Amino acid sequence: MKIFGRMGAILLAVLGIAPAFSQSTISDVRTPPPPRTVLFVGNSFTFGASSDVWRYRPDSVEDLNGTGVGGVPALFKRFSEQAGLSYRVALETEGGKTLRFHYEERRALLDRRWDHVVLQEYSTLNPDTPGDPAQFGAYTARLTQMFRARNPSADIRLTATWSRPDLVYRDASPWRGQPVTAMGIDLDRAYRAVVAATPGVRAMVPVGLAFNAAIGEGVADADPFDGIDPGKIDLWGADQYHASTFGYYLEALMVFGSITGVDPRTLGAGEAAARDLAIAPETASALQAIAARQLGVKQTR
């Protein structure tokens with residue numbers, strides 16, 4: 001006589017009628033897979049300098065340098081928890097440094113198996129020759145080769161950064177006098193070229209274009225030097241170089257959506273990190289929508 005599933009098998013065992021578990025019953029008891037690992041490598045644009053994101057929930061991530069940083073990786077972790085996803089998140093960051101520095105000086109910390117790797121280059125690509133992507137491309141290739149030697153299926157992505165108002169409106173630079181969005185477009189183009197030229201790099205996360213979209217859609221102010229228009233946010237910190245809490249929140253949404261494939265809008269207006277960081281619900285929703293559109297997520301009803 002067939003008794004109801006596993007509980008039936010247990011009942012029969014208690015009555016001495018049958019073994020407690022058949023082979024098929026035992027195979028139904030599975031250990032959940034371990035969390036997937038994510039490593040962030042970058043500088044102050046990754047650790048969230050000049051904002052409350054810098055020291056946000058540092059205990060939720062592993063700072064390989066032991067400096068107590070939370071940053072964008074901690075926001076990613078917070079988003080993933082709310083989405084019911086399991087990731088173990090680590091970061092290796094150093095302010096003002098290029099990927100060359102991370103490869104040459106921190107390779108011993110980085111050279112292990114990772115499931116996902118997010119690489120972020122210096123804000124002008126090369127501090128000595130702004131706009132020149134040659135060194136960026138060379139060290140992206142070396143890091144990619146190293147990571148994929150440990151895990152041939154490692155998912156490696158590049159985070160394309162944003163325009164700097166200080167270089168557009170004030171300081172000498174290749175972008176001085178151009179629209180504030182121009183630098184972001186140039187950086188995006190360079191990152192895409194590096195992705196195309198580097199076997200093993202899967203994708204580029206267009207954070208700079210998301211900043212441009214926030215400006216174009218009237219969510220963010222285009223020129224923080226002349227004050228912030230009513231009803232708009234400032235994507236940059238007080239130095240008009242690093243991002244503000246809003247800017248880093250948008251960056252984290254972009255990386256989250258890119259890696260996980262989850263629509264950032266599903267986090268909702270009451271998203272926990274936005275609440276922690278005093279980002280208004282309507283602003284959180286607006287930034288989530290911008291991230292979704294930049295990632296090409298289709299609107300759902």
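**Helices 11 and 13**

Select helix 11 (245–260) and helix 13 (residues 281–294). The two pack at an angle of about 40 degrees, with their axes 9 Å apart. That makes helix 11 oblique to helix 13. Angles under 35 degrees count as roughly parallel, over 145 as roughly antiparallel, 65 to 115 as roughly perpendicular, and the rest as oblique. Axes here are lines fitted to C-alpha atoms, for helices over the stretch in contact, and angles run from 0 to 180 degrees between N-to-C directions.

Now show side chains. Helix 11 brings Phe 246, Tyr 249, Leu 250, Leu 253 and Met 254 to the contact, and helix 13 brings Thr 283, Ala 284, Leu 287, Gln 288, Ile 290, Ala 291 and Gln 294. Contact means heavy atoms within 4.5 Å. Helices (H or I, at least four residues) and strands (E, at least two) are DSSP runs, numbered from the N terminus.

This is a predicted model, where local features need pLDDT of at least 70 and side-chain atom pairs count only at pLDDT 80 or more, while totals for chains, interfaces and linings use all residues. Residues are numbered from 1 along each chain as its sequence is written, and side-chain values use heavy atoms, with hydrogens and water left out.

**Along helix 13**

Stay on helix 13. Its 14 residues reach 20 Å from first C-alpha to last, close to the 20 Å expected at 1.5 Å a residue. The expected span is 1.5 Å times one less than the number of residues. Color its buried residues: Thr 283, Ala 284, Leu 287, Gln 288, Ala 289, Ile 290, Ala 291 and Ala 292. Buried means under 20% relative accessible area, exposed over 50%, and partly exposed in between (1.4 Å probe, protein chains only). What covers these residues includes helix 10 (207–216), helix 11 and helix 12 (272–276). Step just past the helix to Gly 296, which takes a positive phi of about 80 degrees.

**Helix 4 against helix 11**

Next, select helix 4 (residues 71–82). Helix 4 and helix 11 pack at about 55 degrees, with their axes 9 Å apart. That makes helix 4 oblique to helix 11. Their crossing is right-handed. On the helix 4 side, pick Val 72, Leu 75, Phe 76, Phe 79 and Ser 80.

How many of the twelve residues of helix 4 are buried? Ten are, so helix 4 is largely enclosed by the rest of the structure. Among them are Gly 71, Pro 73, Lys 77 and Arg 78. The buried residues pack against strand 1 (36–42), helix 3, strand 3, helix 11 and helix 12. Gly 84 follows helix 4, with a positive phi near 75 degrees.

**Two positive phi values in one loop**

Most residues other than glycine have a negative phi. Go to the loop between helix 3 (44–47) and strand 2 (62–63), where Ser 50 is found. Phi of Ser 50 is near 65 degrees, a positive value. Ser 50 is partly exposed, with a relative accessible area of 41%. Arg 57 lies in the loop between helix 3 and strand 2 as well. Its phi is positive, about 40 degrees, although Arg 57 is not a glycine. At 23% relative accessibility, Arg 57 counts as partly exposed.

Center on Arg 164, in the loop between strand 5 (155–160) and helix 8 (165–170). Is Arg 164 buried or exposed? Arg 164 is buried, at 7% relative accessible area. Draw the 2.9 Å polar contact between the side chains of Arg 164 and Ser 123. A polar contact is a pair of N or O atoms within 3.5 Å; within protein, one must be able to donate a hydrogen and the other to accept it, and residues adjacent in sequence count only if both atoms are side-chain atoms. Leaving aside neighbours within four places in sequence, Arg 164 also contacts residues including Phe 45, Met 183 and Tyr 241.

Last, select Lys 97, in the loop between strand 3 (87–93) and helix 5 (99–105). Lys 97 is partly exposed, at 31%. Not counting residues up to four places away in sequence, Lys 97 touches Asn 43, His 102 and Tyr 122.

Technical notes. Left-handed = near helix turned anticlockwise from the far one by under 90°.
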